[in-house]
Amino acid sequence: MRVPEYGWTTQKVFHFLNFLVNGVRALVFVFRRSVQNLHPEIVQHILLDMPSLAFFTTYALLILFWAEIYYQARAVSTDRLRPSFFTTNAVVYTIQIAMWLILWWKYIPLLVILSKMFFAGLSLFAALGFLLYGGSL
């Protein structure tokens, strides 16, 4: 993930996303009571869940970086890694946005639980990516 005109490397994008995620989480923490009083309730869910989505993207980018190094060291093509990264992120964001839209249309408590389980599953897959590529270097 290199943007040559601006000098943005994968590492710089990772650090920027990490700063963004932690900054938003800090703001949500500081204004937690205000966030909990927001209506409609879907706004609360979006504000509380969006940092988790960005966190997933941030660490998926780190896994992509490690995977590229791993495959390049073994002289294996890395052509499919970036499209996989973008496709995975698109699928994850589409699923979460669909859940938010359903919750906005009709509040279903079970869907809130499924949404939290979805984030737990994302964290598990990110951890597995860390084990697979981070432990291989």
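Ala75 is exposed, with a relative accessible area of 73%; exposed stands for over 50%, buried for under 20% and partly exposed for values in between, with a 1.4 Å probe and protein chains only. Ala75 sits in the loop between H3 and H4, where helices are DSSP runs of H or I with at least four residues, numbered from the N terminus. Phi of Ala75 is near 55 degrees, a positive value in a residue other than glycine.

The model is predicted: local features need pLDDT of at least 70, side-chain atom pairs count only at pLDDT 80 or more, and totals for chains, interfaces and linings use all residues. Residues are numbered from 1 along each chain as its sequence is written, and side-chain values use heavy atoms, with hydrogens and water left out.

His39 and Pro40 are joined by a cis peptide bond, with omega about 0 degrees. Pro40 belongs to the loop between helix H2 (32-36) and helix H3 (41-73).

**Salt bridges**

The model has 2 salt bridges, a salt bridge being a side-chain nitrogen of Lys or Arg within 4 Å of a carboxyl oxygen of Asp or Glu.

| Pair | N to O distance |
|---|---|
| Asp49 and Lys116 | 2.9 Å |
| Arg82 and Glu68 | 3.1 Å |

The side chains of Asp49 and Lys116 meet in a salt bridge. Asp49 lies in helix H3 and Lys116 in helix H5 (residues 109-134), so this pair ties together parts that are 67 residues apart in sequence. Asp49 is buried at a relative accessible area of 3%, while Lys116 is partly exposed at 40%.

Arg82 forms a salt bridge with Glu68. Arg82 is in helix H4 and Glu68 in helix H3, so the pair links parts that are 14 residues apart in sequence. Glu68 counts as buried, with 10% relative accessibility, and Arg82 as partly exposed, with 26%.

**Helix packing**

H3 and H5 pack at an angle of about 20 degrees with their axes 9 Å apart; axes are lines fitted to C-alpha atoms, for helices over the stretch in contact, and angles run from 0 to 180 degrees between N-to-C directions. H3 is therefore roughly parallel to H5, given that angles under 35 degrees count as roughly parallel, over 145 as roughly antiparallel, 65 to 115 as roughly perpendicular and the rest as oblique. The H3 residues in this contact include His45, Asp49, Phe56 and Trp66, and those of H5 include Lys116, Phe119 and Tyr133; contact means heavy atoms within 4.5 Å. By class, the contact of H3 with H5 has 15 nonpolar, 5 polar and 2 charged residues. Ala, Val, Leu, Ile, Met, Phe, Trp, Tyr, Cys and Pro count as nonpolar, Asp, Glu, Lys and Arg as charged, and the others, Gly among them, as polar.

The axes of H4 and H5 come within 10 Å and cross at roughly 165 degrees, so H4 is roughly antiparallel to H5. Among the H4 residues that meet H5 are Val92, Ile95 and Met99, and the H5 residues include Leu111, Phe118 and Leu122. The residues of the contact of H4 with H5 divide into 11 nonpolar, 2 polar and no charged.

**Asn89**

Asn89 is in helix H4 (residues 81-105). Its relative accessible area is 8%, so Asn89 is buried. Leaving out residues up to four places away in sequence, Asn89 touches Phe56, Thr57 and Ala60.

Definitions and conventions: Helices (H or I, at least four residues) and strands (E, at least two) are DSSP runs, numbered from the N terminus.
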